[in-house]
Structures are given as C-alpha cells and as structure tokens.
Amino acid sequence: MPTTPLDIEHEFRAILAPDSMRAATAADAVCGVQPRLVIEPGNEQQLAAVLRLANDAGLAVIPRGGGTKLSWGNPPSRADVILSTARLDKIIEHPWADLTVSVEAGCTIQKLQAALARHGQRLALDPLWTEQATIGGVLSTNDSGSLRLRFGALRDLIIGVTLALPDGTLASSGGKVVKNVAGYDLPKLVTGALGTLAVITRAVFRLHPLPRNSKTLSISGCDLEEMQQLILAVQDSKLAHTALQARIGQDAEPVVDILFEGTEAGIAAQAAQLQALAVPASVLEAASAVWTASQELWKSANSAAIAVAKITTLSASIARAIETVQRITAPRNTHWKLTMQAPGMGWLCLEATPENLHASLLDLRHELERDGGSLSVFRHPTDMQCIDAWGTPGDALPLMRAVKNQFDPKNTLNPGRFLAGI
C-alpha cells in the first residue's frame with residue numbers, strides 16, 4: 001500500500017518539537033486539495049530532515065510561508081504535507097555598513113523592513129500583503145511591485161540563498177557581500193520557481209538607503225494614446241523617478257502615478273520638469289496610498305464573481321493591451337479594473353458571470369500571447385470552468401523540465417502546480 005503521512009508520523013515526531021506538527025484542517029487545503037499534516041520545523045536542519053523523510057516515503061510536500069499566495073498556480077496533483085516556514089522567522093545578520101542582510105525564509109516583509117529602517121535602510125521591494133507575506137514566499141512567487149522600475153526585480157536584489165533539497169541536503173550559494181558572484185545562478189534559479197525545486201530556508205539581499213523625502217504625483221486628463229505617450233516620454237526623459245504606473249477602469253479615464261524620492265530641492269526640480277512634460281494634462285500631488293492600487297484590486301476578489309489575473313506586455317504596448325481588454329470584455333458585460341506598471345506588468349480584476357469570465361480570460365490570453373505578452377490567472381470563482389493558471393509554455397519548457405528532474409526527481413515539491421504541470 002502507498003505510504004501516507006500517518007505511516008511515518010512517528011519519524012517526523014522524532015526530529016521535531018512536540019508542538020511542531022498537527023493534523024491539517026479544511027483551512028489548510030491548497031486550491032481544493034486537502035493535505036493530511038501541517039509541520040512547522042523550528043530550524044532549517046529540522047526542515048531539511050522532514051523534507052528528506054517525506055521524499056523517501058513518496059509524499060507530496062507543499063511549502064508554505066504566510067499563505068498569502070498559496071492559491072497561485074494550478075491545484076497540486078497531490079498534497080500530503082504542508083511544510084511551513086512560520087518558525088524560521090529570524091533576521092540572522094544585518095551588517096548595515098555593507099548594505100546587506102541575511103534573513104530566514106519565514107520572516108515577514110514588514111518585520112524585515114522595520115528592522116532595516118532603524119538603520120535608515122530598506123529592501124527595495126514592495127510586494128503584496130507585506131504584513132503576512134514572507135521572504136520565502138515572495139521569492140518563490142517572484143512578487144515585486146512598483147519599486148521594480150528603479151531597483152530591479154528580486155533576481156537583482158538577492159545575492160545568496162540557502163535551500164533544503166528534497167533529499168535533505170542543505171545547499172548554499174552566493175555570498176554575503178554585493179560583489180560576491182560565487183553561485184550566482186542558484187539564487188536566481190529558485191526565484192519564481194514556485195517552490196518546485198527546493199524549499200528556501202534563508203536568503204541574503206543587497207539593501208538601499210531609505211529616501212529622505214518622497215512625493216507622489218498623479219497625472220489625469222488624457223486618453224489612452226496620450227497616456228501611452230506620456231509613459232514613454234517619462235521613461236525616455238532624464239527624470240530620476242522611482243516608480244511609474246497607470247490606473248484605469250471600465251468607467252474611468254486613465255491616471256498615471258509617478259514617485260520621486262530624494263532631497264526636497266531635487267524633488268521640486270523633478271516635479272517642475274514633469275509639469276512641463278505632461279502639458280496639457282493635469283498634474284496634482286497624490287497620497288502614497290495610490291501605490292497599493294494592485295493590492296486594492298485583490299480586496300474585491302472575495303466576491304464569487306471575480307477573477308484576478310497578472311498580465312505582461314511590452315512597455316510600448318500598454319495602451320494596446322488595455323484596448324484589447326476593452327474590446328474583449330465589452331460584449332460580455334464584464335466589469336474590469338487594471339493597474340499597470342511602466343515596465344509592462346499589471347494586475348487585472350474582472351467581474352462577470354463564470355461563463356463570461358472564462359471566455360474573456362481565454363480570449364485575453366490568446367491576444368496577449370500573440371503580441372508577445374502573457375496572462376496568468378491567480379484567482380477565479382470556484383464554479384467557473386477549469387482554466388490553466390499559466391498559459392502557453394515557451395521554448396524553455398524542456399530545460400525547465402530537466403532542471404526540475406535534476407532537483408526533484410521524485411516530484412515531491414508542489415507537484416503539478418507550475419507551468420505545464422511541473
């Protein structure tokens with residue numbers, strides 16, 4: 001008979017603290033698939049040992065941090081054990097003079113930022129749900145926000161990582177200083193891999209100073225084409241902006257937000273240049289809350305008639321992508337809102353009947369992929385017809401399968417959740 005988590009429960013208990021394991025409840029289900037056990041190791045050695053036991057027994061392991069993005073991806077083909085990093089939440093080392101930090105995977109983004117701020121520093125990252133989202137979860141989903149424009153993606157910020165491999169090996173790559181390039185590929189390889197290759201136990205990041213001042217300006221009074229030209233003009237100018245995004249809804253004109261950071265005099269000069277660049281559009285100071293617009297889209301996702309998708313396109317094709325959304329959703333009585341970052345990544349919220357949502361998402365994916373973009377569905381109604389979360393795999397799929405087989409030959413970690421069933 002196949003091994004179950006209960007068959008080796010005594011082996012798990014032998015290496016864990018008494019309160020580190022419990023039976024899974026309905027709240028622990030992953031995209032409707034019910035696991036049997038939830039295990040919270042107290043350190044990375046225990047985590048690696050649990051993973052080895054599960055791998056040897058042929059059990060499917062679902063890594064979990066804060067659980068904020070556990071619904072992202074396809075439902076797992078199997079789910080036996082939830083392996084939580086909740087107790088791996090320490091800031092290991094912060095040599096502030098080197099502008100680096102080493103932190104365990106279960107530490108929340110909010111906790112890390114608060115500790116760094118005491119030394120006037122930050123991890124230049126603004127993912128969703130910073131109060132609950134953990135370092136490991138953010139890395140695994142490659143979740144970054146508006147600051148990506150200025151400081152790069154997570155792959156540009158991570159300089160070292162420690163991983164628990166399915167066979168129980170703890171592997172480290174990279175270093176503790178920005179200029180160290182040893183093991184350069186491994187931190188980047190697991191970033192965005194959705195926990196299908198290994199479980200991240202700690203990471204080392206490069207840091208940036210906190211800005212002395214910041215100001216957000218919002219530009220309104222333009223149509224789609226003018227919005228597109230303004231975004232390109234700002235990107236092509238000498239403005240030293242930190243973030244740039246467009247917000248638009250079905251019944252609203254586009255609004256472009258821009259963030260400046262630095263000295264008061266420097267920000268004032270930047271704002272004056274923007275005013276001249278944006279004529280005849282209206283430029284007004286805005287609250288910093290506009291940078292949580294993507295997260296606000298998710299708040300309405302509790303409705304049974306809502307789908308949320310991440311879309312990508314070229315920066316020069318943002319207006320075209322929005323026009324595609326308008327054209328496809330209009331005849332299906334689908335209400336929509338969109339927040340788009342200047343590099344061409346955005347969050348799209350759709351509201352309609354399950355049938356219309358399904359048809360709209362499929363048509364949007366087809367159109368965006370034809371233009372070199374993508375659409376990933378990260379939330380949809382439970383009564384909507386099944387849809388693949390990721391879309392059409394690219395030419396890298398054979399290589400991705402080979403890497404998965406090398407790291408996780410028994411398909412232990414997050415089986416079936418990633419692109420093309422990886």
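How many of the seven residues of strand S13 (residues 243-249) are buried? Six of them are buried, so S13 is largely enclosed by the rest of the structure. This is a predicted model, in which local features need pLDDT of at least 70 and side-chain atom pairs count only at pLDDT 80 or more, while totals for chains, interfaces and linings use all residues. Residues are numbered from 1 along each chain as its sequence is written, and side-chain values use heavy atoms, with hydrogens and water left out.

**Terms for elements and exposure**

- Helices (H or I, at least four residues) and strands (E, at least two) are DSSP runs, numbered from the N terminus.
- Buried means under 20% relative accessible area, exposed means over 50%, and partly exposed lies in between (1.4 Å probe, protein chains only).

**Strand S13 and its partners**

- Two strands pair if DSSP finds at least two bridges between them.
- S13 and strand S14 (residues 255-262) run antiparallel and are joined by five bridges.
- A hairpin of five residues leads from S13 to S14, and Ala-246 has Val-256 as its bridge partner in S14.
- S13 is also joined by five bridges to strand S17 (residues 335-341), again in an antiparallel arrangement.
- On the S17 side, Gly-249 has Lys-337 as its bridge partner.

**Ser-360 in helix H12**

- Ser-360 belongs to helix H12 (residues 354-370) and has a relative accessible area of 0%, so Ser-360 is buried.
- A polar atom of the Ser-360 side chain lies 2.9 Å from the backbone oxygen of Asn-356. A polar contact is a pair of N or O atoms within 3.5 Å; within protein, one must be able to donate a hydrogen and the other to accept it, and residues adjacent in sequence count only if both atoms are side-chain atoms.
- Leaving aside residues up to four places away in sequence, Ser-360 touches Ile-328, Thr-329, Arg-332 and Thr-334, where contact means heavy atoms within 4.5 Å.

**Glu-93 in strand S5**

- Glu-93 lies in strand S5 (residues 91-93) and is partly exposed, with a relative accessible area of 34%.
- The C-alpha atoms of Glu-93 and Glu-104 are separated by 9.8 Å, and these residues are 11 residues apart along the chain.

**Cysteines**

- With a disulfide defined as a pair of cysteine sulfur atoms within 2.5 Å, the count is zero.
- The closest cysteine sulfur to that of Cys-31 is in Cys-386, at 10 Å, which is too far for a bond.
- Cys-31 is partly exposed, with a relative accessible area of 31%, whereas Cys-107 is buried at 0%.
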